Amino acid sequence: MPLSTDLIDRLSAIVGAEHVRHTTGDLVPYARDATPLFDRLPDAVVFPADTAEVAAVLRLATEHRVPVVPRGAGSNLCAATVALNGGIVLVTTRMNRIREISPDELLAVVEPGVTTAALADAATAHGLLFPPDPGSRTVSTVGGNVATCAGGLRGLKYGVTRNYVLGLEAVLPTGEVIRTGGRLWKDVAGYDLTRLLTGSEGTLAVITEITMALLPAPADTGTGIAYFPDLAHAGRAVADILSAGIVPATLEFLDRSCVNAVEDFAALGLRRDAGALLLFGDDGTSDAVRRDLTRMAELCDAAGATEWTLAEDVAGAEALLTARRCSLPALSRLGSLTILEDATVPRPRIAEMVDRIDAIADRHTVTIATFGHAGDGNLHPTCVVADPNDTESIERAHAAFDDIFRTAIELGGTITGEHGVGAAKLPHLRAQLGDDQLQLLSRIKTAFDPARILNPGKLGS
């Protein structure tokens, strides 16, 4: 049901008429995010400029029981920002100021609309490092990263977004503004609401300011690549590297299908006869980087690598990293519809999981290629469908992913390592968490959002 003229006028009075969209043509771009097969036209889109405007919008929405879906850049891959029940999409991209970089305290204070790349660049300018680096880093916002607890290529060594969130300012659906945490690494006063809000996918509050921890930038980085006859040999190399006491900054893999798709797309000179590719890298002092890269290459060789090479300079390292970063666009060229998922299993079971994925793809007659983070067991099985209007093919793809998620749980893993639950994985959440924990999530949701207006149909529903 469309919003009344009175409600549109009141929203316009809060954020300015130029920052409210409510005609069909203006709403269409906000009917979906980066997740395929999920879309729903919202009734309005608003672009607040500050915390006070966010609070006023939420108070109005709660008063009239209008759903509100917080949104950053919409780059998430779990349909977390699709307005399943209509209502208002609240976009935070106008709130894009880096308020502070403090080298003395190793932290940054930013608004939620700041992009990941902008924060990383600002940190670099001060000789600092912002470690989280999701694949969408050039467009994804820091607020969105916090809302989904995004990961990235450096997760093994540096952790994920939650490891760097020191404090938050957030607005509850009833309009109260709360501050959680602060500027300290050590702060155990009360329940850890900062951790609770991190990964809550916009279902509990709207984040309006983030205090993020930074680290001193490493002096040097290096990257290498190794080819293996299959993923079992690559998995053995991963185990040997970590057993040797090396914690790489990067440890990524591509299966045979990904290697060939990337080579078709980017012409990087990758070996098409490889059953698997392992990308490894490290950072730190120059001597330590050279030592660890050489040792990792030796361990790959001992584990059965058919070939390995180390990048000679930064340009060479970037070329190798391109092989991993362009996996999704490369696979997207194979069909009109690309469904990218994530599931995580314990490291020793990566090869088994990929074999199970291949068997599942064969059983359901679908094309699935797999790449991911070998160091932390986070896999990205990617299904390519030739015709997005072929409902039978799409149903087979969904059935295949149902089996993949069940397999991940069976192997001691999770249905999502870094993308989030959103609407896409909500049907699988019960299998992982069970009834008691889902009921607890619902009670937490009600405590924060009594009217249940924030991102309904997602976590806590």
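## A tour of the domain 1–domain 2 boundary

Start by colouring three selections: domain 1 (5–91), domain 2 (98–216) and domain 3 (220–411). These bounds come from an automatic or database domain assignment. The model is predicted: local features need pLDDT of at least 70, side-chain atom pairs count only at pLDDT 80 or more, and totals for chains, interfaces and linings use all residues. Residues are numbered from 1 along each chain as its sequence is written, and side-chain values use heavy atoms, with hydrogens and water left out.

**Stop 1: the boundary.** Show domain 1 and domain 2. Their centres, taken over C-alpha atoms, are 23 Å apart. Here 12 residues of domain 1 contact 15 residues of domain 2 (heavy atoms within 4.5 Å). Together the two domains bury about 1,100 Å², with 69% of it on carbon and sulfur atoms. Buried area is the accessible area (1.4 Å probe) that two parts lose on being put together, summed over both.

Next select Thr-51, Leu-58 and Pro-70. These three supply 37% of the area that domain 1 buries against domain 2, more than any other three residues.

Stop 2: A salt bridge here is a side-chain nitrogen of Lys or Arg within 4 Å of a carboxyl oxygen of Asp or Glu.

Now select helix H3 (residues 51–64). With six residues, helix H3 gives the most to the side of domain 1 that touches domain 2. Helices (H or I, at least four residues) and strands (E, at least two) are DSSP runs, numbered from the N terminus.

**Stop 3: a salt bridge.** The structure holds 28 salt bridges. Pick Arg-99 and Glu-111: their closest N and O atoms are 2.9 Å apart. Arg-99 lies in strand E5 (residues 98–102) and Glu-111 in the loop between strand E6 (107–110) and helix H4 (116–125), so the pair ties together parts 12 residues apart in sequence.
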